[in-house]
Structure formats: C-alpha cells, structure tokens
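Morning, everyone. Please bring the structure up on your screens. I'll start with a strand, then move to the sheet and to a helix.

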Amino acid sequence: MGCCGWKKLYGIGSSLSTPMLPLSPFRPLSSSLPFSSNSHPSSSSSSISQLEQDQQQSKRSSQLVALEYADLNLSNNLELGHVRIRQHVNPLSSSFATPAQVPDWNQVFADPALPLMVDIGCGSGRFLMWLAKRTPKVRNYLGLEIRQRMVKRAESWVKDMALDNIHFLFANAPISFKQLVESYPGPLQLVSILCPDPHFKKKHHKRRVLQKPLVGAIVDNLTPGGQVFIQSDVVEVALDMKNQFDEVDALSHIDALNPATLCDSEGWLLSNPMGIRTEREIHAEFEGAKIYRRLYEKKQI
C-alpha cells in the first residue's frame with residue numbers, strides 16, 4: 001500500500017482515493033501512475049480526469065477541516081506550504097532510538113500539577129489545540145509526534161495562540177512515553193491514540209506504535225479513573241488496538257461502566273466523545289469510511 005492517502009491528512013499533497021473502504025482504504029491514486037509515451041489517449045484522458053476529481057475532493061475535504069478548526073484562528077504564515085513531510089517513517093530506525101529529553105514541566109506548563117492528557121501521534125496538533133483552548137486551568141495537553149517538522153509547526157501555532165497548557169515534543173512514543181509521564185508532577189488522566197500509521201504489511205506490523213510495552217506503560221501510569229481513547233478508520237488496526245487493551249484486567253470498556261453508552265453491535269462507539277474530530281477523521285468520514293472507536297477506563301483501586 002502507498003502513503004498517498006496519508007498526505008491529505010495535513011493538507012500538503014495528494015489526497016485519498018475514493019471511495020475509501022474500511023478493509024482497504026489506501027489504494028494508490030490513479031494520479032500516481034506513470035504515463036508512457038505510447039499510452040492510449042482514452043486511458044490518459046481518464047487518468048487526468050481522475051486526477052482532477054481527486055484534487056477537487058481533496059480541496060473540499062480540506063475545507064471541512066478548516067471549517068471545523070476555524071475558531072483556532074491559526075496564522076496563515078505558519079503553514080508549511082510546499083515543504084515536504086514524510087508521511088511514513090520507520091520508528092525502529094536508529095535515528096529514532098534516542099529518548100526525548102524530559103522537559104522542565106514548570107517551563108512548558110503554567111501549572112504542571114494539573115491532570116495530563118497525552119496524544120500519541122498528534123500529527124498537526126490542531127486536535128489538542130482545540131481541546132487546550134477550551135479547558136484552560138483544567139488540564140494540560142502533551143502531543144507526541146515522530147515527525148519533527150510537524151512538531152515545529154505546532155510549537156509555532158501554540159506560541160502564536162499564547163496557550164500555556166499545551167506542549168509538543170518530537171518523540172518516538174514507544175521509547176519516550178514511559179519516562180515522560182513518570183516525570184510529570186500531576187496525574188495522567190487521558191491517553192489517546194487516534195488513527196495511527198497502519199503499517200499494512202505483515203512484516204511491518206512491528207512498526208505499529210501500539211505494542212505491549214507501550215500498553216503496559218500507559219496502564220501503569222494512568223491514574224485510577226483515567227481513560228484511554230483509541231480510534232482508526234482501518235478496521236485491522238482498530239482490532240489490533242482493541243485486542244491489546246481488552247487483555248488488560250485493570251481496564252474496562254466504557255459501555256461496561258455505563259450501559260447507556262451508545263455502541264454498535266460489536267461494541268464500537270457510535271460517536272466521538274471528545275467533542276471535535278481529528279483531521280484524519282474528517283477526511284475519512286467525508287469519503288464514507290467508518291471510524292472504529294473505543295474508550296477504556298482504569299478501574300478504581
């Protein structure tokens with residue numbers, strides 16, 4: 001599978017193809033196919049037409065993202081524009097093996113004793129910024145992202161918005177999460193893993209962000225009553241995450257604690273409990289994909 005589908009998430013390149021089906025959402029775009037000099041005219045015309053359709057759909061989808069996050073009033077001059085960002089990286093590469101430096105929490109947060117939410121693989125960071133803007137003096141937000149350029153842009157946005165309850169770190173979460181949250185002065189209240197890189201090939205499954213050591217670090221450091229929110233538009237990835245958290249005795253799925261929680265017949269949440277959709281979520285739902293969501297809560301001692 002190609003990485004084209006992930007570029008549209010950040011509005012910096014190719015778009016997802018349509019329609020996007022849960023079982024195989026990332027088929028290559030026709031626009032990525034090479035044109036040979038002896039191609040049949042009708043074939044070339046059809047490919048160009050598909051390219052135009054993809055571009056138009058990408059524009060419409062990006063407009064929905066802009067509308068959903070309009071009240072952040074992000075400065076246009078902070079956009080990455082045509083700067084290329086790698087959509088897929090190998091987290092097992094030696095270049096990502098060094099743990100992130102633990103920040104001085106008193107420097108990055110106005111009140112480091114507040115409950116903490118960590119978004120693993122925060123992407124552009126807009127999702128966290130929206131939450132942070134609405135809950136000043138209630139909760140701190142930490143975004144972990146393995147692509148450094150995205151972190152730099154998020155940091156610029158946060159500075160522009162003058163938010164003091166949010167911080168972004170260039171970090172490989174499986175390596176850095178444990179030491180970061182263990183050093184944080186306040187309680188870890190919420191962890192989210194939203195539409196992580198699927199790494200479709202079986203030989204690349206070991207690259208997926210959620211592995212047993214990270215599950216253990218999340219559960220061990222989560223405060224009693226704290227929650228874990230996961231979601232994906234790729235059913236195989238959602239099931240992989242679900243199976244790993246279902247095995248943890250210390251966690252209960254939210255519908256077991258609150259029978260009034262709306263879930264489908266397989267236990268997936270029918271709506272996003274966060275109050276705002278991620279950019280990936282907006283793009284995927286625009287193209288008709290189903291979002292698979294689960295919310296876990298750590299049992300009280």
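**A strand, its sheet and a helix**

Start at strand β4, residues 188-194: 6 of its 7 residues are buried, so the rest of the structure largely encloses β4. Buried means under 20% relative accessible area, exposed means over 50%, and partly exposed lies in between, with a 1.4 Å probe and protein chains only. Strands (E, at least two residues) and helices (H or I, at least four) are DSSP runs, numbered from the N terminus.

Before going on, a word on the source. This is a predicted model: local features need pLDDT of at least 70, side-chain atom pairs count only at pLDDT 80 or more, and totals for chains, interfaces and linings use all residues. Residues are numbered from 1 along each chain as its sequence is written, and side-chain values use heavy atoms, leaving out hydrogens and water.

Which strands pair with β4? Two strands pair if DSSP finds at least two bridges between them. Strand β1, residues 116-120, pairs with β4 in the parallel sense, over 5 bridges. There, M117 has L190 of β4 as its bridge partner. Strand β5, residues 222-232, also runs parallel to β4, joined by 6 bridges. Look at V191: its bridge partner in β5 is V228. For L188, the partner in β5 is L222.

Now zoom out. The sheet is open and has 7 strands, in the order β3-β2-β1-β4-β5-β7-β6, with mixed pairing. The edge strands, each pairing on one side only, are β3 (166-170) and β6 (251-253). On average, neighbouring strands of this sheet are turned by 20° against each other, direction ignored. Axes here are lines fitted to C-alpha atoms, for helices over the stretch in contact; angles run from 0 to 180 degrees between N-to-C directions.

Next, helix α5, residues 148-161. It lies across β2 (140-145) and β3, at about 160° to β3. Contact means heavy atoms within 4.5 Å.

Which residues of α5 are buried? They are M150, V151, R153, A154, W157, V158 and M161. These cover an arc of only 165° around the axis, so they sit on the same side of α5. That arc is taken from the directions from the helix axis to the C-beta atoms. Among the elements covering them are α4 (126-134), β2 and β3. The face turned away from the buried side carries the exposed K152 and K159.
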